[in-house]
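Biologist: Please show me the chain, and then let us go through it in questions and answers.

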Amino acid sequence: MNMNRVVKRLFMEIKQYKKSSIITILCTLGAVFFEILVPYVISMIIDKGVMQSSLSNIIKYGCIMIVFACAALACGIGSGFFGAEASCGFAANLRQAMYLNIQRFSFANIDKYSASGLITRLTTDVTNVQNSYLMILRLLLRTPAMIFFAMVMTVIISPSLSLIFFAGILILGVILLILMKTAMKSFTAVFDKYDDLNESVQENVRNIRVVKAFVQEKQEKNKFNKAAVTLYELFVKAEKGIVIVSPLLYFMIYGCILLLSWFGAKMIVAGSLTTGQLTSLFSYTMNIMISLMILSFTAVMVIISEASAVRIVEVLEEKSDIVSHEEPVKTIKNGSIEFKNVYFSYSKESSEPVLEDINISIASGQTIGLFGGTGSSKSSLISLISRLYDVTSGEVLVGGVNVKDYDLEVLRNGVSVVLQKNELFSGTILENLRWGNKEADLKECKRACRTACADEFIENLPDGYNSYVERGGA
């Protein structure tokens, strides 16, 4: 996927946090500006204050330095506050946009990504992008700005000594570029394996009663360990490509300091450089090299989040296979159902259909039974009526109208389903009962429970219909 398209799609979700993002950038640049001025003022304190034994100059430039330091501190605090607001808000928007789009997915879309894969994208991947966005706002802008302004100051103080920094930056820049391209491939593989790990945890927690009943804890532990070890090995492989960055940076920092000390001392003896200027050059050396170190770590985080960003945008841009007709039918005349030459496959690439040449005609009000062994696609056949899946070929008619011509909400509201395996969601029993009708009052809910012979045990619970249940009825 093209990264320009990925970035453009992600930035659409910044929305109301654009203002916070801009303020963060301005505060970051302000902090850099004032921090750059501090070493220059220190050189003035040394040259015009200490070297000339002028207390007034020491006080004068000392006060200026304190003002600049306080201004840098204020900008830094502002950058941190608004940066946190912007990145957390951006992550919240991403999760909301993904979740809303997932609600539109057909079963085929869900099958494509798997439940565990979608959970990873909503959690781990979004967190990676959130951290990366915060680093981009604060560090990825700060470090180039710091390097640029520090380089400008070194050129102003001593054009000849500034060549030392130019050489160091050029060498490190080339190395970082090579490492970034190599590491990207490794981290992409890492996040695919996160899905496997989450799937193992999800299945174990969901089916914990079955696991314990059949004494399969050891098997589940081995399954989880296998996924965790695979993820560990991939992370180690990915990290090996970038661990060389830190030693190289330290080598460049101390190399620049040694060269600066050697040539700077000679220039002081020759009278072409002052002690204060050499002191400020040392400060700018540290600023430049530390900024390069931060830049390298930020680049690593961006590399990691690049793979996550692609996975997020895949979900955001995924279109449901099943949508309402452009001019949908809004009324279902009757309950007649007809299958005409229906073929169905879960995947378009499948060579063998799971349903083949199905022809059934059911009159409105008629009761029929479908019999077949486990996995014979009885549920899949029923799912075609409410368009949870679409037929591969043929037609399904409800009330004499092709289901593809109906408004999806109208069609699904017109089809009542009692699932083979019932699901309860976290909340009260009353909230679960109202899934079919949000406006149902307590009297209607109790009548439904009496019909289902569930009223007696519900009323015996301490809080009755307001009793809280976890997912699955725990």
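**Burial, shape and packing**

Modeller: Of the 474 residues of the protein chain, 39% count as buried, where buried means under 20% relative accessible area, exposed over 50% and partly exposed in between (1.4 Å probe, protein chains only). This is a predicted model, in which local features need pLDDT of at least 70 and side-chain atom pairs count only at pLDDT 80 or more, while totals for chains, interfaces and linings use all residues. Residues are numbered from 1 along each chain as its sequence is written, and side-chain values use heavy atoms, leaving out hydrogens and water.

Biologist: Is glutamine 130 buried or exposed?

Modeller: Glutamine 130 lies in helix H5, residues 115–157 (helices are DSSP runs of H or I, at least four residues, and strands of E, at least two, numbered from the N terminus). Its relative accessibility is 17%. Glutamine 130 therefore counts as buried.

Biologist: Which residues does glutamine 130 touch, not counting residues up to four places away in sequence?

Modeller: Contact means heavy atoms within 4.5 Å. With residues up to four places away in sequence left out, glutamine 130 touches Ser87, Cys88, Ala91 and Arg95.

Biologist: At what angle do helix H2 and helix H3 pack?

Modeller: Axes are lines fitted to C-alpha atoms, for helices over the stretch in contact, and angles run from 0 to 180 degrees between N-to-C directions. The axes of H2 (residues 18–50) and H3 (residues 55–103) are 7 Å apart. The packing angle is about 160°.

Biologist: What does the C-alpha trace of the protein chain span along its principal axes?

Modeller: The secondary structure comes to 15 helices and 6 strands. Along the principal axes, the C-alpha trace of the protein chain spans about 105 × 55 × 50 Å.
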